[in-house]
Amino acid sequence: MIGVAQDLWLSLRRALETLGSMGLFLGRMLAYIPSALLRFDLVVAQIFNAGALSLVIIMLCGLFIGMVLGLLGVDLLQRVGSEDALGAGAALSLVKELGPVTTSLLFAGRAGTALASEIGLMRATDQLSAMQMMAVDPVKRVCVPRFLGGVISMPLLAVIFSAIGIFGTQLIGVQVMSVDAGAFWSQMRAAVELQDVMEGVVKSFAFGIACSLIAVYEGFNAIPTAEGVGRATTRTVVISSVATLILDYILTAVML
Amino acid sequence: MRQTRATELSTGLFVLLGFAALFFLTTQITNRGLSFGPSGYALTAKFENIGGLRVGAPVSMSGVKIGQVEEIGFDNVEYKAQVKLRIESQYNQIPNDSDASIFTAGLLGGQYIGIGAGGSETYFKEGDQIEITQSALVLESLISKFLFSFGGDNEKVDDGTKADAPAEDTAK
């Protein structure tokens, strides 16, 4: 009994320690942001890695999520005879919830793992130590541009996801299931406020900070072995996904 | 060098696409549209009850949208809702004795203001007030009205049956 309690306390303490050192790491990176903006070419390269390379998977998933929303939405709304509300329902759920959250989960899988394993491998092959030997701070040179690249890419990816998703819903709902196009768009316009779009952007911005921080932190603090890098990559996906969903609840509750 | 240029180009395209998507989301699926400053002219109308009317709701005449609700306030003196309507400038021949009513679009639709044309020769201009207004139909008050009238009828019927029933009994 005491053993269990001790284990629990230990793991709780470890979680708190991780959270604390992650916070400190974030503070350290934030202090470097002005100097990172002077070397913006590094950030651009990371926007390419995190954002542009994730574009295809984001667009594909957005299209299919939108198409599923179209199918299910028409099926559900037909039962109450108001399939005209499809546009409003799909747009609201995409812009406020599905867009930011799904993008964040995909981002953790596509870009987060790449970041964590890249930095982890740098750690394992002593590249980070070599930088330190040359008086180059690896946090400044390696971590901050990757973090910024992720933070900038995430909202852009999320709005692209939502826009493509709405297109997918329209494709299935209007073109295939013959919902009236005018009603689809006008009900959408009547229901969606600018505030809803902004809510989605704020959410994805927060997810961008969380996911990029977790990926960079896990990679930077990876155990410098092949196994350690693998574990850091796994932890990145797991922690990012859980953090996304918890943050999502908190942000939704705050902005409701 | 070629590599970086390709990278920069595709990054630029990605960012551009992102902003295009944001532009689409903010202008095409919300009811804002692109508007630079107020256009058209403003009218005010006072309603007893506006129900679920919201800012941005359409103002229509014969079913055609001619403007939208710009502001909803409360008149502290008359205890009425004061609604400011923004009418597009091309609809400048609305008779100044026209009436405004609040309707609901469909069962799940939002509420909107319908304007019925009057017969006056002079037209509404900036800042005028629509004098004849009809409040939103609030479902609860409608139901209670219906129930009250129904209840009243019921009592009469009850009285009738009470008066009849003993008679029937005695007849049997």
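Two residues are taken to be in contact if their C-beta atoms, placed from the backbone, lie within 7 Å. The structure is a predicted model, in which local features need pLDDT of at least 70, side-chain atom pairs count only at pLDDT 80 or more, and totals for chains, interfaces and linings use all residues. Residues are numbered from 1 along each chain as its sequence is written, while chains are lettered from A and ligands numbered from 1 in the order in which they are written.

Chain A has nine helices and zero strands (helices, H or I of at least four residues, and strands, E of at least two, are DSSP runs numbered from the N terminus). Its C-alpha atoms fill a box of roughly 65 × 55 × 30 Å, taken along the principal axes. Of the 256 residues of chain A, 46% count as buried; a residue is buried if 20 or more other C-beta atoms lie within 10 Å of its own, exposed if 12 or fewer, and partly exposed in between.

One helix pair in chain A deserves a look of its own. Helix H8 (residues 194–220) of chain A packs against helix H9 (residues 226–255) of chain A at an angle of about 155°, and their axes are 9 Å apart. Here the axes are lines fitted to C-alpha atoms over the stretch in contact, and angles run from 0 to 180 degrees between N-to-C directions. H8(A) and H9(A) are therefore roughly antiparallel to each other, a label for angles over 145 degrees. Among the residues that make the contact are Phe207(A) and Ile214(A) of H8(A), together with Ile239(A) and Leu247(A) of H9(A). The residues of this contact divide into 12 nonpolar, four polar and five charged (Ala, Val, Leu, Ile, Met, Phe, Trp, Tyr, Cys and Pro count as nonpolar, Asp, Glu, Lys and Arg as charged, and the others, Gly among them, as polar).

Chain B is divided into domain 1 (1–34) and domain 2 (41–141), with bounds that come from an automatic or database domain assignment. The centres of these two domains of chain B, taken over C-alpha atoms, are separated by 39 Å. Arg5(B) lies in helix H1 (residues 2–27) of chain B and counts as exposed, because it has 9 C-beta neighbours inside 10 Å. Between the C-alpha atoms of Arg5(B) and Gly67(B), 62 residues apart along the chain, there are 49 Å.

Conventions:
Angles under 35 degrees count as roughly parallel, over 145 as roughly antiparallel, 65 to 115 as roughly perpendicular and the rest as oblique.
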